[in-house]
Amino acid sequence: MNHDDTTPGPSPEDELFALLEADMAADHGGSVVNLDKARADRRPASTTTLDDPDDPDDPDDPDDPDDPDDAIDDDEDGPLYVDPPNPGPLPLPGPAARRPILPAWLLSADELKTQLRWAAGQVGHTVAFHAVRSPLYAGKLATRAPRGTARLVTFLGRWASDAEGALLRAWAARKEDAEMYLKLTRQRDARVRLRGMITLLGSVFGLAAVIVFLVMTDLPTLLLVAAGVVLALGMGGAPADEPLITRSVVKAKAPKLTSDMVVRALESLGIGAITSAKSKGSTITFPAPITRDGPGWRADVELPHGVTVADVMGRRGQLASGLRRPLGTVWPEQAPGEHPGRLVLWVGDQDMAKAKQPAWPLASKGTVDLFDPVAFATDQRGNWVNVTLMFIAGIIGAVPRMGKTFLLRLLLLIAALDPRAELHTYDLKGTGDLDPVGDKVSHRHRAGDDDEDIEYAIADMRELREELRRRTKVIRSLPRDVCPESKVTSKLADNKSLRLHPIVVGVDECQVWFEHPKHGAEFEEICTDVVKRGPATGIVLLLATQRPDSKSLPTGISANAILRLCLKVMGQIENDMVLGTSAYKNGIRATTFTRDDKGLACYIGGEGADAQIVRSVFVDAPKAEAISQRGREAREQAGLLTGHAAGGTDTAPVSAPSYDLLADILAVMGPDEPKLWSETIVSRLAELRSDAYGPWGELEGRAKADQLVTALKPYGITTGQVWGTTEDGKGANRRGITRTDITKTVTERDKKRDAG
């Protein structure tokens with residue numbers, strides 16, 4: 001609709017459509033084509049039209065009752081507009097990452113202490129550095145004082161004679177500009193008279209003031225003033241190319257990280273999507289400013305569409321080259337909680353392996369609770385990274401001589417600092433690297449792979465399997481309010497009567513077990529069972545190997561181990577064997593570590609959403625001895641020092657008699673005895689295994705039945721009234737069990753065990 005007073009004439013396009021309408025009407029027998037609808041059909045599908053619903057002259061109004069095309073429009077498929085109208089409704093507020101008001105180092109007490117300690121150390125170092133050299137500085141100033149005096153006299157002489165105007169007067173003389181020359185000469189004469197008078201008066205009164213000062217002032221003050229004058233003249237006589245003092249702190253070579261450096265480095269990686277985006281004008285953006293983050297710089301980068309952080313992580317070496325920084329200082333990673341194209345690039349001031357690591361809190365004092373996180377490494381920024389050893393099984397993989405054994409020993413030292421923990425340590429390499437832990441605190445310990453060492457280990461693992469089964473029964477028998485999650489807790493571990501204390505098994509060069517020709521299959525079977533069911537019962541298995549392949553590290557074990565620690569490995573297969581399938585493809589590559597990272601840098605997986613690079617604490621043998629001694633003393637005070645560390649022999653461990661109660665009951669109940677009294681069963685069990693059930697047989701009457709009730713409670717089997725005959729042939733009802741209940745329970749248990 002047009003609201004102007006003057007109606008404009010038809011446009012050439014309208015005239016053309018009018019002629020076309022007339023021709024089409026003549027060709028179709030007078031039928032009229034709706035040109036407005038034709039125009040709408042010619043519009044692109046992405047075009048959005050805004051119609052006025054209150055316009056009575058709008059022919060496309062769907063609510064217009066006089067529109068003859070409504071019936072047709074309802075049946076025809078028109079263009080589908082998928083883009084929202086513009087302007088559209090305001091977007092609802094969504095989650096946004098708010099930047100902190102105060103920097104992170106100011107909110108963290110530890111970080112604040114670190115920053116203040118660094119600042120105090122910097123100031124203290126600077127003051128001490130220059131204080132020691134102050135005599136040298138004074139000597140330099142004294143030798144430069146004559147030159148400073150000459151410069152001062154020269155300056156005063158040139159000022160009094162108006163030497164600065166000499167060039168202008170000479171220029172006027174060369175140009176033969178008499179008027180200008182005379183004007184400059186008169187100005188010079190006036191200046192010289194005034195400045196000469198000031199110089200004369202200053203000299204007279206200054207000399208008088210100096211004489212009075214010399215007469216009226218004591219010697220110390222005179223010496224102090226004289227020293228000040230000499231120092232001032234010395235500073236005036238300093239050469240321009242020779243500074244008086246030297247730098248107390250040499251600035252780091254690492255330059256400030258800028259956006260241009262990051263963009264240039266990313267574009268040099270040869271990633272096709274980045275190159276394509278650059279040619280189309282789509283640039284790399286930064287959602288947040290580049291800031292200092294610990295001892296380095298942090299850059300949040302929004303990669304072009306289709307580029308993932310894994311693509312960049314896989315080219316970390318090229319990225320370091322593009323930034324012109326050492327490889328150990330460049331650490332790209334996925335931004336937590338963001339899409340796969342949000343990169344966090346941290347560039348350190350120093351190589352991670354060369355930077356000073358903070359002191360380990362447990363190096364000199366303290367004990368731990370294995371159910372709580374414990375610091376064992378630092379990340380690239382120097383922040384502590386924790387590990388929780390309970391409810392896990394762990395794998396450590398690396399090529400030889402890269403610190404795999406030291407890392408395993410560090411985890412065992414943490415376990416040694418929990419006096420409740422029972423350690424089983426096996427150094428199958430035979431060099432004695434685990435002896436500082438084994439000889440001080442381990443319940444079972446062996447170093448070597450001889451036949452007697454293997455027999456010792458297999459006997460221990462069989463005993464451990466029986467302990468695992470016992471623990472599952474105990475946990476199942478506990479009330480729900482005592483054990484709500486059906487797993488061992490720190491409180492349950494404190495209860496000595498339950499014997500649910502933590503058990504930590506550490507095996508170095510575990511491939512020796514699994515490749516053993518005689519016991520290899522049994523080692524694999526037991527370890528697989530421990531890895532799957534052990535964590536919930538408080539049993540932890542830590543395996544270390546220099547050959548992380550399917551033969552040295554069975555897939556049934558590696559697939560169920562939660563904690564993964566990978567130092568340098570040689571290839572993709574070894575990398576994924578330790579860190580998980582597709583880890584190499586996702587940019588998590590322990591193959592990029594160098595020999596300089598020996599024993600320090602490793603990937604850790606299982607303690608967070610993504611694998612991260614950490615620098616483990618370095619503990620040498622003497623320090624390990626001292627830490628183990630603390631663990632031993634804690635066990636002695638608690639009365640928990642047992643086995644090898646307590647002075648036991650190195651023969652194969654002999655476990656206490658442990659038998660399958662249900663199998664023994666079936667053995668003493670004949671197939672033709674569907675029901676049997678509890679008293680009779682207990683008596684037969686005492687005859688079958690006097691070492692295990694002998695005390696039961698000594699009970700009298702009802703006590704025997706009560707003992708069987710207690711023994712069967714963990715299995716969920718109850719006793720009831722059973723008809724039987726006494727020795728004199730009389731019938732009677734007494735408490736007893738049915739054979740079908742026992743066989744049913746055994747069958748279900750075996751099915752669950754096979755499924756596990």
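L323 touches L257, M261, V262, A265, V330, L345 and V347, with residues up to four places away in sequence left out. The model is predicted.

Q: What makes these residues contacts of L323?
A: The cut-off is heavy atoms within 4.5 Å. L257, M261, V262, A265, V330, L345 and V347 touch L323 by that test.

Q: Which residues have the most contacts inside the largest nonpolar core?
A: They are L266, L319, L323, L345 and W513, in a core of 67 residues. Helix α16 gives the largest share of this core, seven residues. Another core, of 55 residues, lies apart from it and includes F371, L407, L417 and I627. In soluble globular proteins, nonpolar side chains tend to be buried together.

Q: Why is the pair R191 and D162 called a salt bridge?
A: The rule asks for a side-chain nitrogen of Lys or Arg within 4 Å of a carboxyl oxygen of Asp or Glu. R191 and D162 meet at 3.2 Å, N to O.

Q: Where do R191 and D162 sit in the chain?
A: R191 is in helix α8, residues 178-216. D162 is in the loop between α6 and α7. They are 29 residues apart, and the pair links distant parts of the chain.

Q: Why does R191 get the label partly exposed?
A: Partly exposed lies between the buried limit of 20% and the exposed limit of 50%. R191 has 31% relative accessibility, so R191 is partly exposed.

Q: What makes R292 and D349 a salt bridge?
A: Their closest N and O atoms are 2.8 Å apart. The limit is 4 Å, so the pair qualifies. R292 lies in strand β1, and D349 in the loop between β4 and β5, 57 residues apart. R292 is partly exposed at 42%. D349 is partly exposed at 25%.

Q: How do you know that E522 and R462 form a salt bridge?
A: Their closest N and O atoms are 2.7 Å apart. Again the limit is 4 Å, so they pass. The pair links helix α19, which holds E522, with helix α16, which holds R462. R462 is partly exposed, at 33% relative accessibility.

Q: Which residues do salt bridges with shared partners join into one network?
A: The network holds D162, E164, R169, R191 and R195.

Q: How many salt bridges does the rule give?
A: The count comes to 26.

Q: What makes C510 and C483 buried?
A: The test is under 20% relative accessible area. C510 has 0%, so C510 is buried. C483 has 3%, so C483 is buried.

Q: Where is T545, and what is in contact with T545?
A: T545 is in strand β11, residues 539-545. T545 is buried, at 1% relative accessible area. Its contacts beyond four places in sequence include I396, K404, C510 and S552.

Key
Residues numbered from 1 in each chain as written. Predicted model: local features only at pLDDT ≥ 70, side-chain atom pairs only at ≥ 80, totals over all residues. Heavy atoms only, no water. Helix = DSSP H or I, 4+ residues; strand = E, 2+ residues; numbered from the N terminus. Buried < 20%, exposed > 50% of the residue type's maximum accessible area, 1.4 Å probe, protein only. Core = buried A, V, L, I, M, F, W, Y, C linked by side-chain atoms within 4.5 Å.
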